[in-house]
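User: I would like to go through this structure with you, starting from the overall fold and then moving to individual residues.
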Amino acid sequence: SAGAWLDACGGGLPAAVLGKLAPYLLLFTAYLGGAILWTAVLRGNGIAGSVALLLLGGFALFAACASIGLLLVGLTRNMGTALSLAGVSLGVALAFSGGTFPTTDGAQFAQVWSKLLPFTAYVKLQMQQVDMGSPWAVSLRQVGVLLVFVLVAGGLGLRLFGRAARDPQSWGQR
């Protein structure tokens with residue numbers, strides 16, 4: 001089925017992968033927009049900074065998570081295993097992001113793991129924009145961190161997934 005999928009996309013793997021991911025990235029960003037609207041306007045909590053920067057950061061977060069997922073699928077060549085690994089690694093992001101429990105003086109493992117999760121950068125961006133109203137120049141650093149996740153994990157994932165997608169023996173593995 002991967003061969004037919006790539007053929008339908010003209011053989012272009014980047015376009016095929018982007019076509020699969022784009023609806024989810026846009027939908028999740030719209031959900032985030034709804035959550036911001038609910039929090040800021042309907043509940044009246046307000047946003048001290050930029051809603052546009054929060055949405056940009058959210059889009060970058062979702063793209064970073066999708067890139068990590070692509071990397072895991074490319075590494076394992078097995079959707080079930082990749083989803084399990086994504087759940088284990090990204091599912092604990094709230095605890096290790098510094099948003100719920102401080103990681104500053106925590107164990108070295110917690111500090112390193114925190115830096116390896118894209119959610120950490122988004123939580124910093126959210127705190128800067130929702131609570132502090134930080135200037136764009138300060139918060140764009142966090143968007144940059146998220147884009148590094150997209151470029152590194154996405155680039156490597158695309159390469160590895162491309163090999164799997166072009167290898168009929170990998171199709172439908174369980």
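Analyst: The answers below cover the fold, several helices and a few selected residues.

User: Before that, where do the values come from?
Analyst: This is a predicted model, in which local features need pLDDT of at least 70 and side-chain atom pairs count only at pLDDT 80 or more, while totals for chains, interfaces and linings use all residues. Residues are numbered from 1 along each chain as its sequence is written, and side-chain values use heavy atoms, with hydrogens and water left out.

User: How many helices and strands are there in the protein?
Analyst: The protein has 8 helices and 0 strands. Both are DSSP runs numbered from the N terminus: H or I with at least four residues for helices, E with at least two for strands.

User: What share of the residues is buried?
Analyst: Of the 174 residues, 36% are buried. Buried means under 20% relative accessible area, exposed means over 50%, and partly exposed lies in between (1.4 Å probe, protein chains only).

User: And the accessible surface, what does it come to?
Analyst: It comes to about 9,900 Å², and carbon and sulfur atoms account for 68% of that. The areas come from the Shrake-Rupley method with a 1.4 Å probe; for residues, only the protein chains shown count as cover.

User: Turning to contacts, what percentage join residues at least 24 apart?
Analyst: Among contacts between residues at least 6 apart in sequence, the figure is 67%. A contact means heavy atoms within 4.5 Å.

User: Which residues does W5 touch?
Analyst: W5, in helix α1 (residues 2-8), touches L13, A16, V17, K20 and F161, leaving aside residues up to four places away in sequence. W5 and A165 are 160 residues apart in sequence, yet their C-alpha atoms are 9.3 Å apart in space.

User: Next, helix α3. Why does its length make sense?
Analyst: Helix α3 (residues 51-76) has 26 residues, which should span 38 Å at 1.5 Å a residue, and its end C-alpha atoms are 37 Å apart, so the two agree. The expected span is 1.5 Å times one less than the number of residues.

User: What caps the N-terminal end of α3?
Analyst: S50 does, with a side-chain oxygen 3.3 Å from the backbone nitrogen of A52.

User: And what follows α3?
Analyst: R77 follows α3. Its phi is near 55 degrees, a positive value in a residue other than glycine. Most residues other than glycine have a negative phi. R77 is partly exposed, because its relative accessible area is 27%.

User: Which residues of α7 are buried?
Analyst: They are P118, T120, A121, Y122, V123, L125, Q128 and Q129. Helix α7 (residues 118-132) has 15 residues and reaches 21 Å from its first C-alpha to its last, close to the 21 Å expected. G133 comes after α7, with a positive phi near 65 degrees.

User: Is Q142 buried or exposed?
Analyst: Q142 counts as buried, because its relative accessibility is 6%. Q142 is found in helix α8 (residues 136-165) and touches A121, K124, L125 and Q128, not counting residues up to four places away in sequence.

User: What about G154, which residues does it touch?
Analyst: G154 also lies in helix α8, and with residues up to four places away in sequence not counted, G154 touches S67, L70 and F149. G154 is buried, with a relative accessible area of 14%. The C-alpha atoms of G154 and L71 are separated by 6.5 Å, although the two are 83 residues apart along the chain.

Key. Polar contact = N/O pair within 3.5 Å; in protein donor to acceptor, adjacent residues only side chain to side chain.
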